[in-house]
Amino acid sequence: MKEKKAERDDRVKRKHFTWKEYALTYFVLLTLSAGQWMIYDEYVDYGSMPPEFIWGMLGYWAIVTAVFCLVVARQKVRAFDRPMQKLSEAAKEVAGGDFSVYLEPMHRADRQDYIDVMFEDFNKMVEELGSIETLKNDFISNVSHEIKTPLSVIQSYAMALQKENLSAEQRKEYTDTIFSASRKLTSLVTNILKLNKLENQQITPSAEPFDLCRQLSECALVFEDLWEQKNIEFVADIEDRAVIRADESMLEIVWNNLLSNALKFTDPGGTVTLTQTSDEDTVTVTVSDTGCGMSEETMNHIFDKFYQGDTSHSGEGNGLGLALSLRVIELAGGSLSVKSEPGEGTTFTVRLKA
């Protein structure tokens, strides 16, 4: 099999062997060769070479060998040994869990060689590893916190139920609180498992044709009691029928999350609007509210797992809904975007293939 030729990296600006170095080496060899011929000139009769000639040649080439070895060793130390030693020490620190390691380039930007490029790639790799480690630690911390809160509620109210002098109303109140905490815990675990399976592609969406307008109407009606309780005006502007090919059960997660968030962050007297339009290529669904809105910083993290920009509503969710929704839309081949201004409300827009 023909060996694949290595491609040259355009970032490499300097060659280890240049014409200048070639000329210098040639000059050194010519000088050494001239010295050899000077020795020959003294002893031109090869048939009667005296022992001094033999010892002279041996001594001469011993010097040539020493010079050559010194030059090669110097180049090897400068071009290979020192950079490899720095890389080895840095890799050892990373293996020990230190992701703040940074290797300085050996040369200026206009004289980079493969060692500099390797250092640059190594620094990027360490940065990525550090980010993954941070995300892992944050995830464990967030999950632990989210699980601990409902567990503490369940434990406290279960202990309270053991008291004998409780009235029937108190027992019902405590039991309802335990049920509520249990449902929150179940919802959290279910969302974590779903998100994990989606990210690891263990759930394969089954695309089937269905009426998106019917699904949007059904999802909206689920929240009818909630918008009536909060005295929120709900406006729906959708087409009579829009058939798309996607996983119906997965998209239901998205609409429920977007509508739930809109109603959660809209104060009484506000408005939540559900709009759906379509053209030949795209079906667009928007969920808008007149709630508190979000800052630029909050929008940058709104799809992160467990992120909750408004902590005053943190007890009503687990910060996984939008991360789950984004992953579902990505797997469906669509897009999910958000626009918001503090105090001006928020609009989420979903675009799917028609």
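Modeller: Let's start with Lys 172, which counts as exposed because its relative accessibility is 53%, and the cut-off for exposed is over 50%. Keep in mind that this is a predicted model.

Biologist: Which side chain does Lys 172 meet in a salt bridge?

Modeller: The partner is Asp 176, at 3.0 Å from N to O. Asp 176 has 37% relative accessibility, so it counts as partly exposed.

Biologist: How many residues apart are Lys 172 and Asp 176?

Modeller: They are 4 residues apart, about one turn of the helix, and both belong to helix 4, residues 168-199.

Biologist: And how many salt bridges does the structure hold?

Modeller: It holds 7. One of them joins the side chains of Arg 327 and Glu 330, at 3.3 Å from N to O. These two lie 3 residues apart in helix 9 (residues 321-331), so about one helical turn separates them.

Biologist: Is Arg 327 buried or exposed?

Modeller: Arg 327 is buried, because its relative accessibility is 18% and buried means under 20%. Glu 330 is partly exposed, at 43%.

Biologist: What about Glu 248, which side chain does it meet in a salt bridge?

Modeller: Glu 248 meets Arg 214, with 2.8 Å from N to O. This pair links distant parts of the chain: Glu 248 is in helix 7 (residues 248-264) and Arg 214 is in helix 5, 34 residues apart. Glu 248 is partly exposed at 30% relative accessible area, and Arg 214 is partly exposed at 33%.

Biologist: Which residues are linked with Arg 214 in a network of salt bridges?

Modeller: Glu 218 and Glu 248 are linked with Arg 214 in that network.

Biologist: Let's switch to helix 5 itself. Which of its residues are buried?

Modeller: Helix 5 covers residues 212-222, and its buried residues are Leu 212, Cys 213, Gln 215, Leu 216, Cys 219 and Ala 220. Seen down the helix axis, they fall within an arc of 160 degrees, so they line one face of helix 5.

Biologist: Which exposed residues does the face turned away from the buried side carry?

Modeller: That face of helix 5 carries Leu 221 and Val 222.

Biologist: Last one. What caps the N-terminal end of helix 5?

Modeller: Asp 211 does, with a side-chain oxygen 3.1 Å from the backbone nitrogen of Cys 213. Cys 213 is also one of the buried residues of helix 5.

Conventions: Residues numbered from 1 in each chain as written. Predicted model: local features only at pLDDT ≥ 70, side-chain atom pairs only at ≥ 80, totals over all residues. Heavy atoms only, no water. Buried < 20%, exposed > 50% of the residue type's maximum accessible area, 1.4 Å probe, protein only. Arc of directions from axis to C-beta. Polar contact = N/O pair within 3.5 Å; in protein donor to acceptor, adjacent residues only side chain to side chain. Salt bridge = Lys/Arg side-chain N within 4 Å of Asp/Glu carboxyl O.
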